[in-house]
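Here's a quick walk through one protein model and the ligands that come with it. Have a look at the structure first, then read on.

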Amino acid sequence: MRDKWQERLSESPDCLKSAWRQQTKVPVLDLEIGGDEFVTMAGPCSVETEFQLMATANHVRRAGARILRGGAFKPRSSPYAFQGLGLEGLKMLARARRESGLAIVTEVMSEEDVPMVAEYADILQIGTRNMENYSLLEAAAKSARPVLLKRGMVATVAEWLRSAQLILDHGNPHVILCERGIRTFETATRNTFDVSAIALLKQVSHLPVIADPSHAAGHSDLVPALARTAAAAGADGMIVEVHPNPDKAWSDGEQSLDFSAFDEMMADLEPWLAVRDSQSSRRKTAQVRALVAVG
Ligand code: PEP
Ligand code: MN
């Protein structure tokens, strides 16, 4: 890595690649995030009903997802919008985990809820609105669960990595960075998908990087293209919103894929995953050569 990145990101030194730390692999049940496999996390924005969650879990598993997403605690733009089912939602996720075998990723919004959410979830999601909530980050770090850290919607890469550094400082090495789009002057899309952040982080950081094409796009018909772009940029996976009936979703229906759109996206991703694999093996060979040269 060139020195200028080391300098520019010097406030988060432990997030950066070094001769002895090239790639963190986060273990989750029987898989690893940050390994060779592009890991797809999929499911509804919010956990709504047993039927909705189980139908989605079974469907996305068959189509190749490895992790089930679903919010039980929802940070909403409007205080009057649905705020999530809370503990009842966590229990539904636990049941979906038992029945589908999929690992669970779900958001935790407050420090006090960390022990309860950590009891049910395999990965704790920190939402965009909480990226700089340091007491929440500290509690999540101490839970010993992997932490999926979404990028703050107005956070620079350096600020985002500072939050990741804080989690590492509290003894938790299992941080997954998630690019979910940032706020710009553009309003056609919900956010602006910053694919350069993915490319940059894959170059400078050893932490796994995934994409959230759903919250970046805000429109379901754009999600597959952003997913393909993320794979081509070298992302370690993605988190995608899927709903059996997006028109009836209690949150984020306009950006949720229905089952057939999800199947189509997964099938269309194949050639892009091949591009990703060939790039990553080329990178690994170059790294080995560089290490051998250093002696
Ligand atoms: C979500 O994943 O449903 C969510 C609220 O995401 P973000 O924090 O990226 O807006
Ligand atoms: Mn959502």
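## Ground rules

This is a predicted model, so to speak of local features pLDDT has to be at least 70, side-chain atom pairs count only at pLDDT 80 or more, and totals for chains, interfaces and linings use all residues. Residues are numbered from 1 along each chain as its sequence is written, chains are lettered from A and ligands numbered from 1 in the order in which they are written, and side-chain values use heavy atoms, with hydrogens and water left out.

Helices (H or I, at least four residues) and strands (E, at least two) are DSSP runs, numbered from the N terminus. Both His215 and Glu241 are buried; that means under 20% relative accessible area, while exposed is over 50% and partly exposed is in between (1.4 Å probe, protein chains only).

## Around ligand 1

Ligand 1 is surrounded by residues that include Cys45, His215 and Glu241, along with Arg69, Lys74, Glu107, Gln125 and Lys150. A residue makes the list if one of its heavy atoms lies within 4 Å of the ligand. Sorted by class, this shell has one nonpolar, four polar and seven charged residues. For that sorting, Ala, Val, Leu, Ile, Met, Phe, Trp, Tyr, Cys and Pro are nonpolar, Asp, Glu, Lys and Arg are charged, and the others, Gly among them, are polar.

How far are the polar side-chain atoms of His215 from an oxygen atom of ligand 1? One of them lies 3.2 Å away. The side chain of Lys74 has an N or O atom 2.9 Å from a ligand 1 oxygen, and for the side chain of Arg180 the figure is 2.7 Å. Taken alone, ligand 1 exposes 300 Å², and the protein buries 97% of that. Those areas come from the Shrake-Rupley method with a 1.4 Å probe; for residues, only the protein chains shown count as cover.

Lys150, one of the residues around ligand 1, belongs to strand 7 (residues 147-150). Lys150 is buried, with a relative accessible area of 4%. Its side chain makes a polar contact with the side chain of Asp212 (2.6 Å). A polar contact is a pair of N or O atoms within 3.5 Å; within protein, one must be able to donate a hydrogen and the other to accept it, and residues adjacent in sequence count only if both atoms are side-chain atoms.

## An aromatic pair

The count comes to one aromatic pair. Rings of Phe, Tyr and Trp (its six-membered ring) pair if their centres lie within 6.5 Å; planes under 30 degrees apart are stacked, over 60 edge-to-face and the rest tilted.

The two residues are 168 apart: Phe82 is in the loop between strand 4 (67-69) and helix 3 (87-100), and Trp250 is in the loop between strand 10 and helix 10 (259-294). Phe82 is partly exposed at 23% relative accessible area, and Trp250 is partly exposed at 41%.

Glu119 is in helix 4 (residues 114-120) and is exposed, at 60% relative accessibility. Arg283, in helix 10, is partly exposed at 34%.
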